[in-house]
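Subject: Structure for you to look at

Hello,

Here is the structure I said I would pass on. My notes follow below it.

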Amino acid sequence: MRKKVVLITGANGEVGHGLIPHLAERGDTLVVALDIHPLDEPLEPYCHEFIQGDILDTMLLGRLVLQYEIHTIYHLATILSTRAEYNPEAAHRVNVEGTMNLLRLAVEQAQWQGRPVRFVFPSSIAAYGLPDLETKQRAGKVREDQFCKPTTMYGCNKIYCEHLGRYYAFFYKQLAADRRPDSVSIDFRCLRYPGLISADTVPAGGTSDYGPEMIHHAAQGLPYACFVRPDARLPFMVMPDAIKAIVALAHAPRERLSQVVYNVTSFSLSAEEILGRVQRAFPEAEVTFEPDTRRQGIVDSWPADIDDSAARRDWGWEPDYDVDRAFDEYLIPTIAARYRTATA
Ligand code: AKB
């Protein structure tokens, strides 16, 4: 008998670090984790199996299917926005072809199992592309269907994969002779994250990274040159809420979901406002603003805030952390303790 499992790709990334312990501790599922990099040791006890490998390796994915009955996939593996600009074609391979491989695996699994396989996909505010700063300032909270003209390879990949998920869920091989209207497919669910900030990990290769980097540098007593202007504004969310959101969407009753893609957010802050909060906690913090016009351009094309009312209405989304609680009860104490322990 093949074991029933949840598959998590990109398991060693920031979201994986929060999601794996959370799912394992729920106790109702076995986690199989996949990442191109080795898994950090503290995550090992939470995984039924860790496989080091590439989502582009179709042989490896084929072996997985032989071994396990996968009922849910959290497809977290991705190359983030800044890194993707250095090698857009490689990013396309991982972000799009990798996602296609997993969608195909999910459809095959669903057909074998005779029931839909849940496919949970984190998209991002990078899926948006606002034409200029003035529009960004005027736009306010942006809905899922507005300004979807991304300027980055990562953003293009994300929005295309949102559409691919919808295609695989509802229209896959729609002209095949043996396709019946009730044929089993995937249950694709997607959320658009804002910039994420974790107390436990530092992101790599993103463009919203100045937020977490500023806090982590200050807590270690390291100088930080912020690569955006003080007035650069993005929506953010702390990692416990990111985990809460993805798990809540994954478990929401199917009949409650009126759309495929949902915005989720917690608070919106400018870089200067982040610095204010950092300086209150770490008065010695040495932060300068040295905007990189090209990375700044990407931030300027992303919305200052997003409208998550559909997620609130359909599946009861509500963040636990507003900006005060995020900094005062989660980020500052956890990050400060982390580096105190590291230097003790
Ligand atoms: C990035 O900056 O690339 C990510 C994102 C906003 O999706 N953090």
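With which side chain does the side chain of Asp308 make a polar contact? The partner is the side chain of Arg312, at 2.9 Å. A polar contact is a pair of N or O atoms within 3.5 Å; within protein, one must be able to donate a hydrogen and the other to accept it, and residues adjacent in sequence count only if both atoms are side-chain atoms.

Before the rest, note that this is a predicted model, where local features need pLDDT of at least 70, side-chain atom pairs count only at pLDDT 80 or more, and totals for chains, interfaces and linings use all residues. Residues are numbered from 1 along each chain as its sequence is written, and side-chain values use heavy atoms, with hydrogens and water left out.

Asp308 sits in the loop between strand 14 (305–306) and helix 11 (309–315); helices (H or I, at least four residues) and strands (E, at least two) are DSSP runs, numbered from the N terminus. Asp308 is buried, its relative accessible area being 6% (buried means under 20%, with a 1.4 Å probe and protein chains only). A polar atom of the Asp308 side chain also lies 3.1 Å from the backbone nitrogen of Thr265. Beyond its neighbours within four places in sequence, Asp308 is in contact (heavy atoms within 4.5 Å) with Asn263, Val264, Thr265 and Trp317.

Elsewhere, helix 4 (residues 88–113) has 26 residues and reaches 36 Å from first C-alpha to last, close to the 38 Å expected (1.5 Å times one less than its number of residues). Just after helix 4, Gly114 takes a positive phi of about 75°.

Regards

Key. Buried means under 20% relative accessible area, exposed over 50%, partly exposed in between (1.4 Å probe, protein chains only).
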